[in-house]
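Welcome, and thanks for taking a look at this model. Please keep the viewer open while you read, as the notes below are meant to be followed on screen.

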Amino acid sequence: MKKNRLFQMNTSFVWLVACNFLLLTSGCVKVEYSKIKEPAYLRVFNNLNYVQTLGSKDNKVPFFCMFINPVVDASGMPVSAEIVGDFLDQRDAYAPPYPSHIGNSTSVNNPEYPGKENVLVGSILNGFDLSSWAQVPSGKVRIMFAYRPKNTVPFFQLESQLKKDILIDTTINLTNKEVYTLHLLQKDFVTKKTGVLLRQEIFHKLPLSDSLTYVNFYNMSAKGYWEADKSLKEDNFLLASFQGGMKDDMNIYLSLFEDQNLLSKQGPTIPGFKGKYFANVKLNTESPAVNPYSSFPIWASKSSNGITTNIWQRFDFFVPGMDITTNPYFGGSTDNGGNWVSVNCLQNGKIRMASNDNAAILPNVLVNIHSGKNNPATFATVNTIEVVNGKVYLTTIQRKYAPPIY
Amino acid sequence: MILAIGMQILGLVACKHEDLTIAVPNENIRPAADFVKNNYEMRLFYAAIKKVGYVDQLNGTGPFTILAPTDEAFNRMGVYNPSDFDKMNQDSLKKVIGYHVLPRRLMVSDIPNNGIDVRYATLSDAELYVSRASTNPNGGAENELYFSGSEVIRQDVVLANGSLQVLDNVMKPNFNKTVQSWLAGQPEYSVFVSGLKKFNLWDQLAGKSEFTIFAPNNEALKNVGITSASLNEMDASKYQGDVLFGVYLLYDRHFFVSDTQVFARINSNSSFNYFLKNSGYYMTFGGGKIYPSFKLGFGLVLRPGNGPADSPIKSATGDIVAKNDNLCSNGLVHHLMDGMVTPEQALKK
């Protein structure tokens with residue numbers, strides 16, 4: 001009898017173990033990782049900017065859905081695509097080194113592609129973190145931008161009549177493992193002609209120093225923008241001198257200021273860096289050539305300690321023949337026919353200057369961030385400043401850095 | 001072992017279960033028409049619904065969104081008693097009331113952020129315009145809502161078969177009427193109309209292009225020395241018509257007065273500047289909620305040009321809410337309380 005019971009208990013125990021085993025094994029799932037063979041790295045900006053104003057309230061909003069290699073039906077309406085970048089809004093003034101919009105945004109509107117999209121992104125190439133670049137198939141790809149209403153309904157769920165307004169349908173050629181930025185642009189302000197500009201970036205192939213910060217400039221404004229009458233342009237006081245546009249050929253002068261807590265261009269500058277000639281920029285919406293990078297040392301200030309520095313940058317764009325010493329305009333001149341525009345790069349770019357100024361404001365091109373034991377540590381960066389019609393944009397690229405130690 | 005398991009089962013079974021009483025769901029959440037009926041702030045709106053025979057439909061399954069103007073809003077238009085609706089053309093009344101009902105449940109959160117002139121279908125054949133000022137990129141968050149120029153003073157009231165938004169004003173749709181035929185039907189603007197006719201500005205108002213018209217009534221034009229008698233004596237060739245009467249026309253735009261308030265919220269700029277057509281005169285249209293009533297109103301300021309030395313010639317306002325935002329098929333007409341230009345100022349040089 002006793003033996004029998006022991007046997008009974010054993011069998012139930014075996015059953016229990018068997019059931020457990022079954023549960024554990026059936027709980028396993030094989031994860032299929034998506035993979036793009038021979039990818040190119042692509043970042044897309046929508047430079048068709050707009051400001052919501054009373055006067056422009058009836059204008060068509062340049063809010064798009066992007067398709068790469070779309071499948072279209074007989075009527076030309078996209079029904080699916082290999083890669084979809086929906087809710088592509090106008091670009092932000094600042095494109096940060098890391099896609100930080102993902103963590104702190106509650107809106108679906110995407111200021112760039114990939115931006116908030118959860119897609120495969122680039123790896124670290126020569127120290128540069130390409131997590132703001134999406135992997136896309138290389139070779140000849142068809143790319144399409146379709147207007148979409150500004151709401152939160154995904155493109156393919158929209159009503160059919162809303163899906164047929166295609167702005168651009170073209171092909172671009174992408175090479176394996178190369179880094180590209182694609183710009184959606186207005187090419188002519190009078191005819192409103194739009195187009196794309198595909199630029200093959202070279203920053204990851206250059207021998208760049210860790211103690212210099214590099215900036216290159218592009219003027220991708222529409223032809224005829226600065227010449228056009230003021231009443232045809234968007235009215236945004238925050239863009240100060242940029243809102244009227246700048247002339248087609250401009251020299252750029254750099255000033256480095258000692259202290260970014262002093263919100264004034266009357267503050268002390270670093271000796272040797274007050275209105276120093278820096279670069280030249282010409283209007284270009286056709287050629288994909290990369291403009292040369294100019295640099296300045298990040299430890300230029302005597303008050304810096306080799307770990308962190310508090311300097312900020314001001315770029316003055318003057319028409320050739322004019323410079324910071326021969327500037328005939330008063331300090332706050334925002335409406336000077338495109339002869340003088342300027343931008344201050346300090347703090348997070350979301351502040352107003354205390355002094356009378358004509359500058360638009362962007363974030364500091366130097367990245368100050370907690371890294372290792374240093375909080376903050378200052379990092380050199382590679383930057384692109386782009387002027388498009390009445391706006392100025394900063395794209396900062398940064399090398400991979402040590403994580404903070406708390 | 002078996003004993004132990006058995007004890008546990010017994011232990012679980014031994015719990016005492018009392019009959020749980022769940023609160024009976026409230027079955028008296030009222031459908032749209034009943035809700036309006038039982039709300040003393042909306043007695044006139046209910047009377048209108050009843051008059052045009054919408055009661056049963058609005059108590060049906062829906063869903064509906066009711067845009068309910070308050071009694072005060074009707075009072076401002078001169079409607080004080082339910083019997084006042086009897087004097088009106090019943091077909092037009094039904095269309096206007098139908099314009100205040102959407103065949104869908106619309107909550108504030110369904111409207112796109114900072115959406116301007118988002119169109120929604122109504123029970124009438126015309127669409128209405130919704131503007132929602134929700135965020136200002138330069139800082140500050142607001143959530144103001146306007147239906148065809150009328151402010152929502154209480155948002156998202158939940159009904160059994162939809163939702164209800166309380167309007168501060170009765171919307172004034174004119175459906176297929178152009179701004180021209182609307183003006184022609186208003187005797188208080190008769191001098192303005194004959195002025196437009198005299199200076200060849202009238203015919204364009206029946207076309208397809210859009211207008212925002214700031215219409216001065218006869219009293220207002222008298223302030224600047226224009227009456228029907230003086231108009232008859234005027235030699236049209238001696239005056240700049242685009243200044244004398246063109247000053248009241250804004251071409252190619254349709255602005256609700258509320259748009260000024262909406263854009264003040266969205267981008268801190270509530271005004272629009274423009275040159276008068278065929279003229280160097282420069283006009284600023286602006287507005288918002290005007291102190292001390294905090295009701296919507298607008299103002300116009302006329303300057304000889306847009307230079308720094310061009311000081312204002314004249315400014316005028318329109319803040320009688322009930323007379324603004326007359327929505328026509330090709331634009332809007334607002335009521336202007338003062339004239340802008342005297343005949344002497346518009347003489348050809």
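This is a predicted model: local features need pLDDT of at least 70, side-chain atom pairs count only at pLDDT 80 or more; totals for chains, interfaces and linings use all residues.

Residues are numbered from 1 along each chain as its sequence is written, while chains are lettered from A and ligands numbered from 1 in the order in which they are written.

**Where the chains meet**

- Chain B brings 16 residues into contact with 11 residues of chain A; a contact here is a pair of residues whose C-beta atoms, placed from the backbone, lie within 7 Å.
- On the side of chain B that touches chain A, α12 (257-267) and β11 (271-275) of chain B each supply at least two residues. Elements such as these are DSSP runs numbered from the N terminus, with helices being H or I of at least four residues and strands being E of at least two.
- With 5 residues, α12(B) gives the largest share of that side of chain B.
- By residue class, the side of chain B that touches chain A holds 7 nonpolar, 7 polar and 2 charged residues. Ala, Val, Leu, Ile, Met, Phe, Trp, Tyr, Cys and Pro count as nonpolar, Asp, Glu, Lys and Arg as charged, and the others, Gly among them, as polar.

**The two domains of chain A**

- Chain A is split into domain 1 (34-205) and domain 2 (208-406), with bounds that come from an automatic or database domain assignment.
- Taken over C-alpha atoms, the centres of domain 1 and domain 2 of chain A are 26 Å apart.
- Their contact takes 30 residues from domain 1 of chain A and 29 residues from domain 2 of chain A.
- On the side of domain 1 that touches domain 2, at least two residues each come from β4, β6 (128-129), β10 (179-186) and β11 (194-200) of chain A. The largest share, 4 residues, belongs to β11(A).
- That side of domain 1 of chain A divides into 16 nonpolar, 8 polar and 6 charged residues.

**Sheets and strands**

- Strands β21 (residues 381-388) and β22 (residues 391-398) of chain A run antiparallel and are joined by 8 bridges.
- β7(B) is joined by 6 bridges to β1 (residues 64-69) of chain B, running parallel, and by 5 bridges to β6 (residues 150-159) of chain B, running antiparallel.
- B:G162 in β7(B) stands opposite B:F64 and also opposite B:L159.
- A hairpin through 2 residues connects β6(B) to β7(B).

**A closer look at B:N114**

- B:N114 lies in the loop between β2 (101-102) and β3 (118-121) of chain B.
- B:N114 counts as buried because 20 other C-beta atoms lie within 10 Å.
- Leaving out residues up to four places away in sequence, B:N114 touches A:Q52 of chain A, along with B:R132, B:A133, B:S134, B:T135 and B:I266.
- B:N114 and B:F263 are 149 residues apart along the chain, with 9.2 Å between their C-alpha atoms.

Conventions:
Two residues are in contact if their C-beta atoms, placed from the backbone, lie within 7 Å. Two strands pair if DSSP finds at least two bridges between them. A residue is buried if 20 or more other C-beta atoms lie within 10 Å of its own, exposed if 12 or fewer, and partly exposed in between; C-beta atoms are placed from the backbone.
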